[in-house]
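Me: I want to learn how to read nonpolar cores and aromatic pairs. Can we work through a case?

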Amino acid sequence: MTKPRSSNVGVLGFRYLGAHEVEELADLWGALHQQHRVSAPHLEDIISAVSLDESWRRRRSQYLAWLRDPDTMAILAEHDGDLAGYAMVTVRESAQGSWDRGERVAVVQTFAIDPEYTGLGVGSKLLEEVRRQLASMGVRDIEFSALATASEDISFLEQEGFRPFVTTMVCRVDGFGAHD
């Protein structure tokens, strides 16, 4: 049975996780993994999905590698003792090109909100905390990827001030040429 929630979650607590606490993210990753599977069925013919266990094994390994960098942030949002969401954010050198993006750019690698907390302001508050931390580090720009078919995620990002920048297209190496 789910707990009754108001339309706004109110006060959130934020905890910064170290590598030894990554397991706390497994259930929220699982919900995000399921959301990815539902949101992107158009990719099934070119990108093979993996099981939840395999997905978590891979992502957990990646988290541990990212957390070796002191600039990486794993921020857990909590509400009344519940895990409401988390962000895994890395910082990389900015590729100098046509735009001045500063010396370093933040990349939101994972942004997961517990489905019970969707639409209650958790995402906005978590993103506000991410921005606050990045500003204190002198980082100006944030990259945040969303599945092309995840219209609610894209709308959220646009409401938070993000704009489309790069579109990533995928195909198998042997998947070239027009399809009749």
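Reply: We take the cores, then the aromatic rings, then a surface patch. Keep in mind that this is a predicted model.

Me: Which residues have the most contacts inside the largest nonpolar core?

Reply: In soluble globular proteins, nonpolar side chains tend to be buried together. Here the largest nonpolar core has 24 residues. Those with the most contacts inside it are Val-89, Phe-111, Val-122, Val-130, Leu-134 and Phe-144. Two or more residues each come from β2 (73-79), β3 (82-93), β4 (104-113), α3 (122-136) and β5 (141-144). The largest share, five residues, is from α3. A second, separate core has 15 residues, including Leu-28, Trp-66, Met-88 and Ala-112.

Me: How do I read an aromatic pair? Is the pair of Tyr-63 and Trp-66 tilted or stacked?

Reply: A pair of aromatic rings is described by the distance of the centres and the angle of the planes. The count here is six aromatic pairs. For Tyr-63 and Trp-66, the centres are 6.0 Å apart and the planes at 35°, so the pair is tilted. Both sit in helix α2 (residues 52-66), about one helical turn apart.

Me: What other ring pairs with Tyr-63?

Reply: Tyr-86 does, edge-to-face, at 6.1 Å centre to centre and 85° between the planes. Tyr-63 is in helix α2 and Tyr-86 in strand β3, so the pair ties together parts 23 residues apart in sequence. Both tyrosines are buried. Trp-56, Tyr-63, Trp-66 and Tyr-86 form one aromatic cluster.

Me: Which residues form a nonpolar patch on the surface?

Reply: Trp-99, Phe-165 and Val-166 do, with about 380 Å² of accessible area together. Val-166 is exposed, at 61% relative accessible area. Val-166 lies in the segment after α4 (151-159).

Note on methods:
Residues are numbered from 1 along each chain as its sequence is written. This is a predicted model: local features need pLDDT of at least 70, side-chain atom pairs count only at pLDDT 80 or more; totals for chains, interfaces and linings use all residues. Side-chain values use heavy atoms; hydrogens and water are left out. Patches are made of residues with over 30% relative accessible area and no salt bridge: like charges are joined within 9 Å, nonpolar side chains (Val, Leu, Ile, Met, Phe, Trp, Tyr) within 5 Å. Accessible areas come from the Shrake-Rupley method with a 1.4 Å probe; for residues, only the protein chains shown count as cover. A salt bridge is a side-chain nitrogen of Lys or Arg within 4 Å of a carboxyl oxygen of Asp or Glu. Helices (H or I, at least four residues) and strands (E, at least two) are DSSP runs, numbered from the N terminus. Buried means under 20% relative accessible area, exposed over 50%, partly exposed in between (1.4 Å probe, protein chains only). A nonpolar core is a set of buried Ala, Val, Leu, Ile, Met, Phe, Trp, Tyr and Cys residues joined through side-chain atoms within 4.5 Å. Rings of Phe, Tyr and Trp (its six-membered ring) pair if their centres lie within 6.5 Å; planes under 30 degrees apart count as stacked, over 60 as edge-to-face and the rest as tilted.
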